[in-house]
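Morning, everyone. Let's go through the salt bridges in this one. Sequence and structure are coming up now.

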Amino acid sequence: MNITNIILILIIFSVAAVLMVNFIKRKKQEETIEAVEIDDKTYTLEKMTAFIKKRLDEITKINLYDIGLSEEELKRRKNKKYELKKALKGCTYGDVNDKKYVKELIYDLLAKEYGVNEMNISAAIPFDVPSLLTAQDKFDIIIHMFKEQFGYEALTQLIKKYDLGKLKYLAGETKPSYVITTDEINEIYEKERFILSFMDKLSVIVQRIYQHYKGYSSIDEIRDMNIDGISGGVSGLPESFLSQVAQTDGDYLSQVMEHRVPRACDSIWIFFQGKSIRLEFLSFGTEAELKRVCQNIYKYNNPGQLSDTNGYKINEMKDGSRVVVVRPSFSETWAFFVRKFDAKRSTLEQWFKGEIGCEESIDLLKYLVKGARIISITGEQGCGKTTMLMGMIENIYETMNIRVQETAFELHLRKIYPTRNILTFRETDTVSGQEGLDVQKKTDGSVNIIGEVATDPVASWMIQAAQVASKFTLFTHHAKTFPNLVTALRNSMLRAGVFKNEKTAEEQVVQVLNFDIHLQKDFRGKRFVERVTECIPIEDKNEYTFDHRKEQTLEGKVEKFIDNATMFFTKTTNKELYKHVNILEYHDGTYVLTNKISDENIKQMRNNMDEMDVEGFDKFIERNWGMKKAKNKNK
């Protein structure tokens with residue numbers, strides 16, 4: 001081979017090498033550009049949520065025996081895997097500790113594995129451009145910052161600070177309503193001028209990912225707050241209605257599609273200090289998301305399947321909240337109702353705080369409980385009957401065993417009084433309230449507490465048990481007036497087949513029922529004790545005479561006989577079995593003790609109190625009704 005050929009070969013190889021190097025450089029540049037483009041899309045909420053789902057799925061499903069771990073490391077990893085599985089399950093039941101654990105893990109995965117940093121975090125939520133933030137973004141930031149300072153009182157503090165719980169008129173509406181609007185959230189965000197650290201921003205993103213993955217969507221953080229309750233799906237148009245609208249009104253349908261008319265999935269309401277407040281700025285987004293929340297929120301302790309044939313479920317959550325879920329076709333749309341009962345706040349003092357006459361009113365209710373009186377607590381839904389019941393239980397003597405019957409666990413008395421003899425029963429699919437109350441008779445209970453007398457069998461058994469099975473009974477009912485309460489209990493006795501005669505059934509009710517505490521909630525949501533009423537049975541005195549024997553003439557004897565007959569028919573047809581008097585009344589912000597407690601009840605109450613309380617009760621009677629001789633008279 002001559003030198004010319006060698007030179008040509010070298011030149012060809014050189015050109016090929018140069019072309020190869022350029023090709024590789026160009027390829028790398030294209031990959032770099034592509035990587036940058038992918039990175040710009042990677043840090044969205046959707047991409048990060050998908051990563052978290054995939055990563056947690058890998059962690060929980062990995063076979064630890066296939067990766068060659070030491071015995072100690074295997075044991076440690078197995079414990080972590082079990083703990084994560086448990087937390088992923090528990091957080092869907094409303095367990096705030098499991099929720100915290102899962103969120104911390106998501107935080108670490110995003111920061112350490114996914115590479116979220118100060119530069120790319122705004123691709124998910126535009127924290128640095130307030131004009132691009134949605135109302136939900138701003139609310140999430142506000143709640144996070146308030147929660148850092150106030151914990152689970154964050155929402156309460158926010159509502160109080162900006163007076164969000166007042167009546168207001170919305171544009172185009174002629175009647176006021178309780179609502180928190182998008183404009184109010186925007187104004188609050190501007191006024192607060194939050195300075196967010198990277199940790200704050202990432203925490204907000206973690207919460208947003210968590211609530212759509214394992215949480216309760218837009219209500220997730222709100223549900224944890226110390227409020228009275230939250231509900232969804234209870235306003236707006238259901239999807240089934242849209243097809244009907246489309247056939248009749250195309251313009252209205254277009255307004256719905258543009259979200260100018262609320263849909264069912266836009267319905268989020270909170271129950272706050274006796275007021276139902278609509279959160280206009282929040283939404284579940286889609287009907288499917290509302291359905292997902294409804295299907296998950298009631299699952300604690302496996303209460304059974306919510307199906308079309310079984311269209312509702314009543315259950316409790318892990319934190320003791322009561323949850324009711326309904327679905328089509330039982331209801332027109334998917335909906336849920338969560339009620340929270342804060343036992344620590346349930347005291348009699350909270351009902352009378354700041355009112356004139358509050359001290360004597362508190363003393364009256366305490367002595368009624370200490371005196372072992374059978375007491376009903378009545379009022380409309382949401383007026384605080386369960387809260388009042390919790391406050392009264394505090395005054396039951398420690399020596400008395402308490403037995404509770406509820407539809408769903410709400411009172412949770414053993415959390416407040418862990419050293420007391422308390423056992424609670426509830427209705428199930430296989431055990432009725434009547435059967436539960438029958439079992440209570442055999443459990444050495446001194447006090448029967450019935451969360452709600454809602455069915456005829458329970459009402460009839462309550463009357464029977466109050467006569468013979470326990471020392472005294474406390475229960476709640478929805479009656480509006482005292483005569484309505486007596487009538488409702490009487491009718492329950494008749495429908496349950498315990499009695500056939502109305503008068504006989506009513507006699508049993510009034511002989512058992514001692515006092516009624518009626519609660520009221522006014523238009524602005526204020527809850528108060530409207531009255532305390534005593535039931536006084538009227539004794540059936542024998543008023544017939546034998547005067548006809550003294551008469552000498554037939555006409556005189558007939559006249560006396562007609563007098564007795566008239567008396568008989570009057571008693572039979574128009575017999576008054578009881579009278580009711582108000583012991584305490586509420587008038588314009590003042591509690592007034594009116595009529596005296598009857599002598600018979602005073603006597604029975606003193607017999608059931610210890611010596612110290614008897615002395616205090618006598619002073620209470622003397623102070624309010626001037627009965628200095630009550631003590632000697634009733635001994």
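**Salt bridges in the model**

Start with lysine 201 and aspartate 128: their side chains form a salt bridge, N to O at 3.3 Å. The term means a side-chain nitrogen of Lys or Arg within 4 Å of a carboxyl oxygen of Asp or Glu. The two partners are 73 residues apart, with lysine 201 in helix α8 (residues 198–213) and aspartate 128 in the loop between α4 (96–114) and α5 (135–150). Helices (H or I, at least four residues) and strands (E, at least two) are DSSP runs, numbered from the N terminus.

Quick note on the basis. This is a predicted model, where local features need pLDDT of at least 70, side-chain atom pairs count only at pLDDT 80 or more, and totals for chains, interfaces and linings use all residues. Residues are numbered from 1 along each chain as its sequence is written, and side-chain values use heavy atoms, with hydrogens and water left out.

Aspartate 128 is exposed, at 54%. The cut-offs are under 20% relative accessible area for buried, over 50% for exposed, and partly exposed in between (1.4 Å probe, protein chains only).

Next, glutamate 184 and lysine 168. Their closest N and O atoms sit 2.7 Å apart in a salt bridge. Glutamate 184 is in helix α7 (residues 182–192) and lysine 168 in strand β1 (residues 167–168), so the bridge ties together parts 16 residues apart in sequence. Both residues are buried.

Last, a network: salt bridges link Lys99, Lys147, Asp220, Glu221, Arg223, Asp224, Asp319 and Lys340. The overall count is 35 salt bridges.
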